[in-house]
Amino acid sequence: MARSAQRWSVEDLAERSGVSEKTIRRVEKVYGIPPNVTIDTLLKLQACFEAHGMTFIPEDGSPEGPGVRFGSYPGRKIQPADVSLQGTEQCQSDLG
């Protein structure tokens, strides 16, 4: 899920994290903790994602967890809302 949010290929993640492509594919095949993967490997992956804005949500029984949250969306900048109605015609025409 974190890799998808970053729009990274397996190759991109391997290069950034120092974890082999084969290991990344093995980790992604299972739900939960994959067998035969070291804690060191999982920590490398987590550190890589966190360095690029991801937050890991722990299992605490709440509806929000476990999972990941992306701190900021790299593909779009959110502009402050313009309180004036100027330009609404353009917005409406963009919507069809």
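**Figure 1. A salt bridge between R25 and E11 in the predicted model.** The side chains of R25 and E11 meet in a salt bridge, with a distance of 3.4 Å from N to O. This close-up, like those that follow, is taken from a predicted model. The pair links distant parts of the chain, for R25 belongs to helix α3 and E11 to helix α2, 14 residues apart. R25 has a relative accessibility of 38% and therefore counts as partly exposed. E11 is likewise described as partly exposed, because its relative accessible area is 39%, and the limits for this class are 20% and 50%.

**Figure 2. A salt bridge between R3 and E28.** The side chains of R3 and E28 form a salt bridge at 2.6 Å, N to O. R3 is part of helix α1 (residues 2-6) and E28 is part of helix α3 (residues 21-29), so the pair ties together parts that are 25 residues apart in sequence. E28 counts as partly exposed, because its relative accessibility is 40%. The structure holds 4 salt bridges, and the bridge between R3 and E28 is one of them.

Figure 3. K44 and D40 are 4 residues apart in helix α4, so about one helical turn separates them. K44 is partly exposed, with a relative accessible area of 37%. D40 also counts as partly exposed, at 48% relative accessibility. Elsewhere, salt bridges that share partners join E11, E21 and R25 into one network.

**Figure 4. The packing of helix α2 against helix α4.** Two packed helices are described by the angle between their axes and the distance between the axes. Helix α2 (residues 10-17) and helix α4 (residues 39-51) pack at an angle of about 100°, and their axes are 9 Å apart. The angle makes α2 roughly perpendicular to α4, because angles of 65 to 115 degrees count as roughly perpendicular. In the contact, L13, R16 and S17 of α2 meet K44, L45, C48 and F49 of α4. These residues divide into 4 nonpolar, 1 polar and 2 charged.

**Figure 5. The largest nonpolar core.** In soluble globular proteins, nonpolar side chains tend to be buried together. The largest nonpolar core of this model has 12 residues in all: A2, W8, V10, L13, A14, V19, I24, L45, C48, F49, M54 and V68. The elements that give two or more residues to this core are α2 and α4. In the protein chain as a whole, buried residues make up 22% of the 96 residues.

**Figure 6. Two loop residues with positive phi.** Most residues other than glycine have a negative phi. R7, however, has a positive phi near 60° and is not a glycine. R7 is placed in the loop between α1 and α2, and R7 is exposed, with a relative accessible area of 62%. N36 is also a residue other than glycine with a positive phi, of about 60°. N36 is found in the loop between α3 and α4, where N36 is exposed at a relative accessible area of 74%.

**Figure 7. The order of the elements along the chain.** The protein chain contains 5 helices and 2 strands. From the N terminus on, these elements run α-α-α-α-β-β-α. Among contacts between residues at least 6 apart in sequence, 36% join residues at least 24 apart.

How values were computed:
Residues numbered from 1 in each chain as written. Predicted model: local features only at pLDDT ≥ 70, side-chain atom pairs only at ≥ 80, totals over all residues. Heavy atoms only, no water. Axes fitted to C-alpha atoms, helices over the stretch in contact; angles between N-to-C directions. Parallel < 35°, antiparallel > 145°, perpendicular 65-115°, else oblique. Contact = heavy atoms within 4.5 Å. Nonpolar A, V, L, I, M, F, W, Y, C, P; charged D, E, K, R; others polar. Buried < 20%, exposed > 50% of the residue type's maximum accessible area, 1.4 Å probe, protein only. Core = buried A, V, L, I, M, F, W, Y, C linked by side-chain atoms within 4.5 Å.
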